[in-house]
Amino acid sequence: MKHQAIEQLQGVAEVKQDLPRRTLSRKERLERWAELLERDPHRRLSTLHETEYQPARVRAAMRGDGSPISVAFEDPVLRTAGMENDSYGEARRFFELSDEQLHKVICYCHFGATVSASTAARHIRAMLVEKQPGLFARLRQMFVG
């Protein structure tokens with residue numbers, strides 16, 4: 001799939017941008033992403049190189065054709081829910097992930113140049129069961145740092 005800006009597409013097709021956004025919870029977005037990957041579990045997907053060593057701005061702009069993130073972006077349901085592109089930064093924002101969480105799914109250092117779709121899905125599903133900090137821990141983080 002070739003990614004093009006909306007402005008480029010408007011020159012060759014009628015582009016409607018007035019579709020209502022569908023609200024999905026974080027859990028629903030992550031489950032949908034895992035399900036999309038599990039449709040072709042043996043598919044090899046590209047990773048992003050050394051995300052943990054990139055400056056924040058560079059890391060946010062990173063993307064790769066055929067990556068786990070691009071699988072999510074190809075889905076009309078996730079795009080309608082507000083996923084705007086297939087960059088690392090957008091995946092982090094849209095799926096409400098930390099750098100550490102997204103790193104486990106997408107980084108070269110864990111898998112080499114490619115990762116199987118089933119492995120990426122397994123890491124995404126693990127995020128669904130990670131213990132969320134309790135109320136007192138969240139308050140402590142807010143006030144202490």
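Of the 145 residues of the protein, 34% count as buried, where buried means under 20% relative accessible area, exposed means over 50%, and partly exposed lies in between (1.4 Å probe, protein chains only). This is a predicted model, in which local features need pLDDT of at least 70 and side-chain atom pairs count only at pLDDT 80 or more, while totals for chains, interfaces and linings use all residues. Residues are numbered from 1 along each chain as its sequence is written, and side-chain values use heavy atoms, with hydrogens and water left out.

**Overall architecture**

- The secondary structure comes to 10 helices and two strands, taken as DSSP runs numbered from the N terminus (helices are H or I of at least four residues, strands are E of at least two).
- Along the sequence these elements follow the pattern α-α-β-α-α-α-α-α-α-β-α-α.
- Among contacts between residues at least 6 apart in sequence, 63% join residues at least 24 apart, a contact being heavy atoms within 4.5 Å.

**Packing of α7 against α9**

- Two packed helices are described by the angle between their axes and the distance between the axes.
- The axes of helix α7 (residues 99–106) and helix α9 (residues 117–129) come within 8 Å and cross at roughly 155 degrees; the axes are lines fitted to C-alpha atoms, for helices over the stretch in contact, and the angles run from 0 to 180 degrees between N-to-C directions.
- The helices α7 and α9 are therefore roughly antiparallel to each other, on a scale where angles under 35 degrees count as roughly parallel, over 145 as roughly antiparallel, 65 to 115 as roughly perpendicular and the rest as oblique.
- From α7, the residues Q101, K104 and V105 meet A120, H123, I124 and M127 of α9.
- The residues of this contact between α7 and α9 divide into four nonpolar, two polar and one charged, with Ala, Val, Leu, Ile, Met, Phe, Trp, Tyr, Cys and Pro counted as nonpolar, Asp, Glu, Lys and Arg as charged, and the others, Gly among them, as polar.

**Nonpolar core**

- The largest nonpolar core has 30 residues, and those with the most contacts inside it are W33, L37, L78, M83, F95 and I124; such a core is a set of buried Ala, Val, Leu, Ile, Met, Phe, Trp, Tyr and Cys residues joined through side-chain atoms within 4.5 Å.
- The elements that give two or more residues to this core are α2 (26–38), α4 (68–73), α6 (88–94), α7 and α9.
- Leaving aside its neighbours within four places in sequence, W33 is in contact with P68, I69, A72, L78, F95, L97, L102, V105 and I124.

**Salt bridges**

- Side chains of opposite charge can pair when their charged atoms come close.
- A search of the whole structure finds 10 salt bridges, each defined as a side-chain nitrogen of Lys or Arg within 4 Å of a carboxyl oxygen of Asp or Glu.
- In helix α2, K27 and E31 lie four residues apart, about one turn of the helix, and their side chains meet in a salt bridge (3.9 Å, N to O); E31 counts as partly exposed at 24% relative accessibility.
- In helix α7, K104 and E100 are likewise four residues apart, about one turn of the helix, and their side chains form a salt bridge (3.9 Å, N to O); K104 counts as partly exposed at 33% relative accessibility, whereas E100 counts as exposed at 56%.
- The side chains of D99 and R92 meet in a salt bridge (3.1 Å, N to O), with D99 partly exposed at 27% relative accessibility and R92 partly exposed at 35%.
- R59, R92 and D99 are linked in a network of salt bridges.

**Loops and backbone angles**

- L48 lies in the loop between β1 (44–46) and α3 (56–61) and is buried, with a relative accessible area of 4%.
- Apart from neighbours within four places in sequence, L48 is in contact with M62, R63, G64, Y88, I106, C107 and Y108, and its C-alpha atom is separated by 9.2 Å from that of R59, 11 residues apart along the chain.
- E50, also in the loop between β1 and α3, has a positive phi of about 50 degrees although it is not a glycine, and it counts as partly exposed at 32% relative accessibility.
- E96, found in the loop between α6 and α7, has a phi near 55 degrees, a positive value in a residue other than glycine, and E96 counts as partly exposed at 46% relative accessibility.
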